[in-house]
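Thank you for making time this morning.

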Amino acid sequence: MSEKITRGSGNVFEDLGFDNPEEYQAKAELALQIIKIIEDRALTQKEAATRIGATQPDISKLKSGQLKGFTLDRLFSFLLRLNRNIQIRVTKATGKSGKLETVAA
């Protein structure tokens with residue numbers, strides 16, 4: 001019995017057929033960075049919420065991957081409050097349409 005293996009695109013949201021998969025991917029990667037910082041600093045959810053100007057339930061949602069209601073702008077503001085720099089670079093697309101890509105350092 002042979003199973004067909006399909007290589008993913010590198011964006012699970014695209015593979016699952018989401019509208020705006022690049023935005024979902026960017027939000028997921030930003031949320032991951034926020035959670036890593038919170039964990040590296042050993043902050044409680046309440047302490048993290050106070051530091052970034054959010055609520056404890058917001059932190060819980062981020063940690064569980066529930067990103068509905070979090071805009072890219074809001075996630076950027078959390079990172080800035082956690083003393084992180086954000087760089088945005090615009091380049092010419094090579095295909096018919098552009099893409100949104102995040103790169104964590």
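When I say that two residues are in contact, I mean that they have heavy atoms within 4.5 Å. What you see is a predicted model, in which local features need pLDDT of at least 70 and side-chain atom pairs count only at pLDDT 80 or more, while totals for chains, interfaces and linings use all residues. Residues are numbered from 1 along each chain as its sequence is written, and side-chain values use heavy atoms, with hydrogens and water left out. The helices are DSSP runs (H or I, at least four residues; strands would be E, at least two), and they are numbered from the N terminus.

Let me begin with helix α2, which covers residues 21–40. This helix has 20 residues and reaches 28 Å from its first C-alpha to its last, which is close to the 28 Å expected at 1.5 Å a residue; the expected span here is 1.5 Å times one less than the number of residues. The buried residues of α2 are P21, A26, K27, L30, A31, I34, I35, I37 and I38, where buried means under 20% relative accessible area, exposed means over 50%, and partly exposed is in between, with a 1.4 Å probe and protein chains only. The cover over those buried residues includes α1 (12–15), α3 (45–52), α4 and α5 (72–81).

I34 lies in helix α2, and it counts as buried because its relative accessibility is 0%. For a sense of distance, I34 and G17 are 17 residues apart in sequence and 26 Å apart in space, C-alpha to C-alpha.

Now to the packing of the helices. Two packed helices are described by the angle between their axes and the distance between the axes. The axes are lines fitted to C-alpha atoms, for helices over the stretch in contact, and the angles run from 0 to 180 degrees between N-to-C directions. Angles under 35 degrees count as roughly parallel, those over 145 as roughly antiparallel, those from 65 to 115 as roughly perpendicular, and the rest as oblique.

Take α2 and α5, which pack at an angle of about 20 degrees with their axes 10 Å apart, and which are therefore roughly parallel to each other. On the α2 side the contact is made by E23, A26, K27, L30, Q33, I34 and I37, and on the α5 side by L72, L75, F76, F78 and L79. Sorted by type, the residues of this contact of α2 with α5 are nine nonpolar, one polar and two charged; Ala, Val, Leu, Ile, Met, Phe, Trp, Tyr, Cys and Pro count as nonpolar, Asp, Glu, Lys and Arg as charged, and the others, Gly among them, as polar.

With α4 (residues 56–63), the axis of α2 comes within 9 Å and crosses at roughly 115 degrees, so α2 and α4 are roughly perpendicular to each other. Here A31, I34, I35, I38 and E39 of α2 meet I59, L62 and K63 of α4, and the residues of the contact of α2 with α4 comprise six nonpolar, no polar and two charged.

Helix α4 also meets α3: their axes come within 8 Å and cross at roughly 105 degrees, and α3 and α4 are therefore roughly perpendicular to each other. The residues that meet are Q45, K46, A48, A49 and I52 in α3 and Q56, I59, S60 and K63 in α4, which divide into four nonpolar, three polar and two charged.

Most residues other than glycine have a negative phi, and most peptide bonds are trans. N20, in the loop between α1 and α2, has a positive phi of about 55 degrees although it is not a glycine. A42, in the loop between α2 and α3, likewise has a positive phi near 55 degrees, and A42 is exposed, with a relative accessible area of 62%.

Finally, the chain ends. I5 lies in the segment before α1 and counts as exposed at 78% relative accessibility, while R89, in the segment after α5, counts as exposed at 74%.
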